[in-house]
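The structure is shown first.

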Amino acid sequence: MRDLAADIESTWQSRKNHTGVTVKTISDRELNAIGKKHRRPVREVCVACLKMGVTPLRYLRNSPAITLMDQIILAESEVAIAGAGGLGGHVILLLARLGIGRLLVFDSDTFDETNLNRQALCFSNNIDTFKPEEAARQCALINPAVEVSAHIMAIADPCQKSWFRNTDVMVDALDSAEDRLFLAKLSRELGIPLIHGAVAGFEGRVMTVFPGDKGMETLYRSKAADGPDSSLEPAAENLLGTPALAPALIAAFQVMAVLNVLLKRGPISNNSLLHLDLATASINAFTL
Amino acid sequence: MSIEIKLFASLARYASHPLISADGRMGLPSPVPVGQIADALNIPRQEIKLIFLNGIHAQMDTKVKDGDRLGLFPAIGGG
């Protein structure tokens, strides 16, 4: 049997891309067939193609914003997402489209009808299904070169640190201060950059927390630290609601932050909080 | 002296206070700590989780001076 590289070499086709440059391309159907023949996951075949300068058609329109070299880095990266709800749903779907090689999804919940107003993974025909399993199912439809590991558990449940041995970035798509503080502590102990996001009404914020940054502890205090009366103060999202727009916007900013970390395009440490308001079309940057 | 004040998310409901002008400015007789401004606007201090003065993280006792930009945030945790 010919080796994988020989099969890729005899399969790719020339095609002019949108900038008029002729490039080597390969289709999903061909990737799947080669994977099946060699009993290798599609992700592996995809990486092999990219390294041979062959662009899967699904990534053709990413260039030159995301180059072939960038696409290799993304395909060999792993991102852990804590929460698969309002923010997490959009984040997961965008990461799948971008071709992140491996996603670890953590959420202990099932979908309910109150999620339909904003959660991208929630449909009227998947109410009561577990969010991480639904994430895996939908990612497989979007991009078979993305491997999803579905964990039906909260990030604060007892977890093995070894699960994150290959994780490059963590995404905070949670909805409680306690869980966010737990995740911040975990990411710091593991030395993994964390992308924070939160929404309320038509507003939201995003921040990259590098292991040395004080970030999350400045934004949130635990209930224990705030005293027993802290739960009497309603959080902004409960006073303002969470319509669909802010989760989509903040998720896109979070995914851009993931790209900046993976592709080493952003600052290596920042302590900078970005606040966005759709209602006034304004963006403000703050220094922690 | 006057300062620019911006109340974010659910704190925006306190922005209709008569001490705040339509363009988001507030007149003050002299430099005062952030906490005193919150009291004057009837914003419960425990509702303020994050303070920025001229874009930089500040505290309840940080003094606000003429021309400063003050931003106040509540807890925001939706996801």
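## An enclosed strand in chain A

Strand S4 (residues 78-82) of chain A is largely enclosed by the rest of the structure, because 5 of its 5 residues are buried. Here buried means under 20% relative accessible area, exposed over 50%, and partly exposed in between (1.4 Å probe, protein chains only). Helices (H or I, at least four residues) and strands (E, at least two) are DSSP runs, numbered from the N terminus. The buried residues of S4(A) cover both faces: A:Glu78, A:Ala80 and A:Ala82 lie on one side, A:Val79 and A:Ile81 on the other.

S4(A) pairs with strand S5 (residues 102-106) of chain A in the parallel sense, over 5 bridges; two strands pair if DSSP finds at least two bridges between them. Within S5(A), A:Val105 is the bridge partner of A:Ile81.

## Basis of the model

The model is predicted: local features need pLDDT of at least 70, side-chain atom pairs count only at pLDDT 80 or more, and totals for chains, interfaces and linings use all residues. Residues are numbered from 1 along each chain as its sequence is written, chains are lettered from A and ligands numbered from 1 in the order in which they are written, and side-chain values use heavy atoms, with hydrogens and water left out.

## The interface of chains A and B

Chain B brings 19 residues to the contact and chain A 31 residues, contact meaning heavy atoms within 4.5 Å. About 2,100 Å² is buried between the two chains, 60% of it from carbon and sulfur atoms; buried area is the accessible area (1.4 Å probe) that two parts lose on being put together, summed over both. In chain B, B:Ile76, B:Gly78 and B:Gly79 lose the most area to chain A, together 28% of what that side buries.

The count of salt bridges between chain B and chain A is 0, a salt bridge being a side-chain nitrogen of Lys or Arg within 4 Å of a carboxyl oxygen of Asp or Glu. On the chain A side, A:Thr218 belongs to helix H8 (residues 215-219) and is buried at 16% relative accessible area. Beyond its neighbours within four places in sequence, A:Thr218 is in contact with A:Leu288, B:Lys49, B:Leu50 and B:His57.

## Backbone features

A cis peptide bond, with omega about 0 degrees, joins A:Ser63 and A:Pro64. A:Pro64 sits in the loop between strand S3 (54-56) and helix H4 (68-75) of chain A.

B:Asn54, not a glycine, has a positive phi of about 55 degrees. B:Asn54 is partly exposed, at 33% relative accessible area.
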